[in-house]
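Let us walk through this structure step by step, beginning with a single side chain and widening the view from there. Please keep the sequence and the 3D picture side by side as you read.

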Amino acid sequence: MNAAKTTKSLMWICLVAISLLSLFPFYIMIVMGTHYNEDLFKGIPILPGNYFADNLKTVMSADFMGVYLNSLIVSVVSVVLATLTSTLIGYALAKFEFRGRKALQTFVILTMMVPTQVGLIGYIIEMRNLGVGNTLWPVILVWAAFPFGAFFMVQFIRDSIPNDLLECARIDGCSEPGIFARIVLPIMKPGLATLATLVFLWSWNNYLLPLVTINKSEWYTLPIFISNLGIVHRTDYAARMLALSLTTVPVLILFILGSKTFMKGLTAGAVKG
């Protein structure tokens, strides 16, 4: 009994130590945002400084709230678009038999293997031809064709939704849209939450695509805004750290509120029977 208690205590000590090590970089980031910029080159600060108000004024004076709103719009619309298309594609490939189904599945997997940078130039030219260049639309529309999301939903639906349940609904006279809305979607909540969380995180932190598609500061997203924060002859790293700390707030809230559902979505289908 004592050995079991000792083992449990050691396990908790290890978990606490690992958690503190994981959170330490976030703490340092927050602390660095409270110091004067030149003081950061003297060493890593451990205790908070007294320049928080000045750094906050620097961040807010650069239209931080407008950029914050741009990033929120991009991430929220991207989540809706990616989950909608991925769910429909995943449901069709997982539960319907039609000609070309295997070829389409292979195509989805192959597109996951192609680096994003390969098609970047063609995508930029396409957006300019559509007349939406240098706006938020190129950063959003890229999520309309999300290979990983389609692949993830195929696997989730295939393992989580039995065919017998769908057949019973059809026998009872339920239409295909009704089956999808009343039966499939409620079961898919963990998968949808997981995919939505990942898309929000990736779109929120996306740097390359906004960098090459947006030239107007009014349409900047947070990663581009933070990389340009400062004045002509001085890079304000302390203000950047404070801005980075503020940008992590939505992601932390998202994970805190949806952590249980997120883990259920990741582990769904891992155990059968």
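Arg-101 counts as buried, with a relative accessibility of 12%, where buried means under 20% relative accessible area, exposed means over 50%, and partly exposed lies in between, with a 1.4 Å probe and protein chains only. The side chain of Arg-101 meets that of Glu-97 in a salt bridge, at 3.5 Å from N to O, and Glu-97, at 70% relative accessibility, counts as exposed. A salt bridge is here a side-chain nitrogen of Lys or Arg within 4 Å of a carboxyl oxygen of Asp or Glu. In general, side chains of opposite charge can pair when their charged atoms come close.

Before going further, note that this is a predicted model, in which local features need pLDDT of at least 70 and side-chain atom pairs count only at pLDDT 80 or more, while totals for chains, interfaces and linings use all residues. Residues are numbered from 1 along each chain as its sequence is written, and side-chain values use heavy atoms, with hydrogens and water left out.

In one of them Lys-42 pairs with Asp-39, the closest N and O atoms being 3.4 Å apart; Lys-42 is exposed at 70% relative accessibility, whereas Asp-39 is partly exposed at 30%. Arg-170 is partly exposed at 26% relative accessibility, and Glu-176 is partly exposed at 31%.

Turn now to helix α4, residues 101-113, in which Gln-105 lies; helices (H or I, at least four residues) and strands (E, at least two) are DSSP runs numbered from the N terminus. Gln-105 is buried at 18% relative accessibility, and, leaving aside residues up to four places away in sequence, Gln-105 touches Leu-93, Val-154 and Arg-158, a contact being heavy atoms within 4.5 Å.

Asp-63, in the loop between α2 (52-60) and α3 (64-95), has a phi near 65 degrees, a positive value in a residue other than glycine, and Asp-63 is partly exposed at 46% relative accessibility. Asn-134, in the loop between α5 (120-129) and α6, also is not a glycine and has a positive phi of about 60 degrees.

Cys-174 is in no disulfide, and the nearest cysteine sulfur, that of Cys-168, is 12 Å away; Cys-174 is partly exposed at 22% relative accessibility.

The mean pLDDT of the chain is 84, and 92% of its residues reach 70 or more. Confidence is highest in helix α6 (residues 137-141), at a mean of 92, and lowest in strand β1 (residues 230-231), at 62. Over residues 269-273 the pLDDT is below 50, and this stretch has two contacts in the model beyond near neighbours in sequence.

Notes: Disulfide = S-S within 2.5 Å. pLDDT = per-residue confidence, 0-100.
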